[in-house]
Amino acid sequence: MLTIENLTKQYGKFLALDHLNLHIDKGEIYGFVGPNGAGKTTTMRIVCGLLKATGGSVIVDGIDAIRQPDDIKRKVGYVPDFFGVYDNLKVMEYMEFYGSMYGMERREIADISEGLLELVNLSDKKDAFVDALSRGMKQRLCVARALIHNPDLLVLDEPNSGLDPRARFEMKEVLKNLRSMGKTILISSHILPELSELCTSVGIMEHGRLVTSGKVDEIIDASQGNQPIHMKVVYAETEEPLDQYVATVLKEQPFVEKVSFTDDEVLIHFRGDDLEAARLLNKLFDHHIMVSHYYREKENLESLFLEITGGEENA
Amino acid sequence: MHKRLHMNPIWKKELVVGSRSMKMSWAIMGINAFLIIVVLIVLSITNMSAATSGYQYENLICLFPILGCIECGLVSLIVPIITSGSISGERERQTLDVMLTTPVTTLSIAVGKLGSAMSVVMMYMIASIPVMAIAFVLGGMSWWALLGLFGMLLYLGIYVGSVGIFCSSVVKKSVVSTILTIAIGVGIIIVTTVILYVVIATQSAMCDAKGVTYTGPGAVAFIMMLNPYSPIVDFMMRVMMGTGIDRLLEEMGTQSSIILAISRWWIPCSIVINMIISFAFLKLAARNISVTRNRK
């Protein structure tokens with residue numbers, strides 16, 4: 001459905017996208033993750049024909065978004081991260097306005113809008129003024145608006161941005177409905193647990209490049225063995241200060257990369273597998289270090305993201 | 001099979017949104033109140049002069065150029081105010097990006113914005129017909145003159161509106177856009193007038209030096225066709241005096257039959273030229289809105 005090849009975008013000397021390659025199959029929900037400024041929004045805007053690329057190609061269902069920006073507009077529905085609405089315009093009129101922009105007939109727009117407003121749970125608000133809707137409702141209305149022309153690809157840039165938990169839940173339900181309808185969606189979000197729940201595939205971007213991309217489970221499985229170990233030491237037979245002794249012992253062990261201390265916990269950056277982690281615990285016992293809890297963090301999208309991006313600014 | 005004609009969606013939306021605002025009602029009331037005050041002043045002057053020379057209702061014909069000029073002034077002020085926020089307002093509201101993801105062309109956006117502004121202005125003008133009609137009922141003016149005046153106002157609105165939309169696409173702040181629109185309009189008037197004045201003064205001085213009779217500015221006079229108000233002046237002259245700018249040129253000594261022939265068609269020639277300029281402004285505005293321009 002979407003194929004991006006060697007996509008490059010340069011703003012003066014700043015390289016926002018550096019030969020980005022990406023492929024999304026039909027019916028897939030692809031999550032875009034990356035620190036602020038990684039190039040997610042730039043990519044999405046190019047896909048929607050809102051920005052001119054410096055180089056490369058973007059093909060949506062056989063249409064080149066860069067060479068045929070007008071044709072791509074019928075293929076893509078876009079929900080930007082920030083958007084406004086018009087005063088004095090009712091929900092149904094809002095849908096009618098955007099439907100008419102696609103050359104649709106009034107009756108056709110009304111029929112489709114009814115279904116879309118039901119999908120986004122705004123059926124009871126169709127006669128309400130758009131400006132009077134809550135932020136979450138406006139966001140859902142914007143999704144309905146983006147679907148008015150039945151696009152092949154839906155591009156959602158931070159759809160949960162600035163929403164309260166209730167509104168986020170409702171938006172998640174809308175996205176789940178879209179997934180069940182088989183829509184192809186490219187979505188970026190700051191809320192990584194939700195992305196991993198919703199998306200079939202994810203891509204992690206950094207400095208305009210795709211660092212990793214693939215099925216959520218496959219990516220997480222492939223990165224198993226890198227998660228840190230959390231441990232609480234209650235006693236050690238030593239004359240030295242406890243932290244110093246524990247750090248010395250740990251640093252002598254294989255696969256231990258770094259040891260850091262929080263208020264009551266020791267965080268061990270460990271590269272070994274689970275068997276090696278068990279051996280490490282035995283070694284601690286051998287050195288008469290008594291541990292009250294010892295567990296390894298479970299790999300998830302958030303920890304993987306932090307690991308890949310080196311814990312830079314949030315996604 | 002015939003294809004149904006669709007109204008420009010932006011134009012339609014702006015009309016719906018605008019008609020719900022109280023601004024339009026207040027503006028209609030304000031404009032009519034102002035025009036009525038002017039009419040009352042003229043009527044009271046006529047009344048006062050009636051004491052000495054009796055009622056001369058035909059003098060009320062002077063209401064026509066007075067009200068016509070006021071209406072032109074209102075169009076020149078209102079249209080920039082309406083159009084100045086047309087594109088910059090969409091940017092400020094963050095609605096432009098979504099609009100640009102639809103197949104609607106940037107020229108359609110500009111035309112839609114201009115059309116909606118013109119609809120509002122024409123609404124104001126139509127609402128002032130009862131007041132304007134006083135000049136016709138009492139002063140014996142023909143209805144064709146009133147129709148012609150509305151045609152002139154429509155033309156002027158399109159011209160000023162196109163400049164306003166262009167300015168709105170260039171600058172971010174609506175206030176700056178309004179000022180810039182008025183400045184461009186005033187600038188065109190001043191530049192064309194100054195050029196013509198300098199040419200006439202120079203030619204006249206040269207003729208005096210040579211001791212020959214001055215025969216008018218010649219083809220340079222046509223620079224005034226670029227002045228958007230010149231066809232309105234020509235129209236007013238024709239309605240009030242039965243002659244237009246061609247007569248002025250003749251009186252200045254112009255003998256060229258081609259120049260005189262063209263100047264007899266001053267109104268259509270100038271309107272066509274200025275409508276081409278308007279279209280160029282709209283095209284430039286569309287180009288500024290276009291996403292394919294390399295902007296972040």
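Visitor: What span should helix H4 of chain A have at 1.5 Å a residue, and how far apart are its end C-alpha atoms?
Guide: In this predicted model, local features need pLDDT of at least 70, side-chain atom pairs count only at pLDDT 80 or more, and totals for chains, interfaces and linings use all residues. Residues are numbered from 1 along each chain as its sequence is written, while chains are lettered from A and ligands numbered from 1 in the order in which they are written. A helix is a DSSP run (H or I, at least four residues), numbered from the N terminus, and its expected span is 1.5 Å times one less than its number of residues. Helix H4(A), residues 106-119, has 14 residues and should therefore span 20 Å, which agrees with its end C-alpha atoms, lying apart by 20 Å.

Visitor: Which residues of H4(A) are buried?
Guide: A residue counts as buried if 20 or more other C-beta atoms, placed from the backbone, lie within 10 Å of its own. The buried residues of H4(A) pack against H3 and helix H5 (135-146) of chain A, and they are A:Ile109, A:Ser113, A:Leu116 and A:Leu117.

Visitor: Which element supplies the largest share of the side of chain A that touches chain B?
Guide: Two residues are in contact if their C-beta atoms, placed from the backbone, lie within 7 Å, and 27 residues of chain A are in contact with 21 residues of chain B. The largest share, five residues, comes from H3(A).

Note on methods. Helix = DSSP H or I, 4+ residues; strand = E, 2+ residues; numbered from the N terminus. Buried ≥ 20, exposed ≤ 12 C-beta atoms within 10 Å, placed from the backbone.
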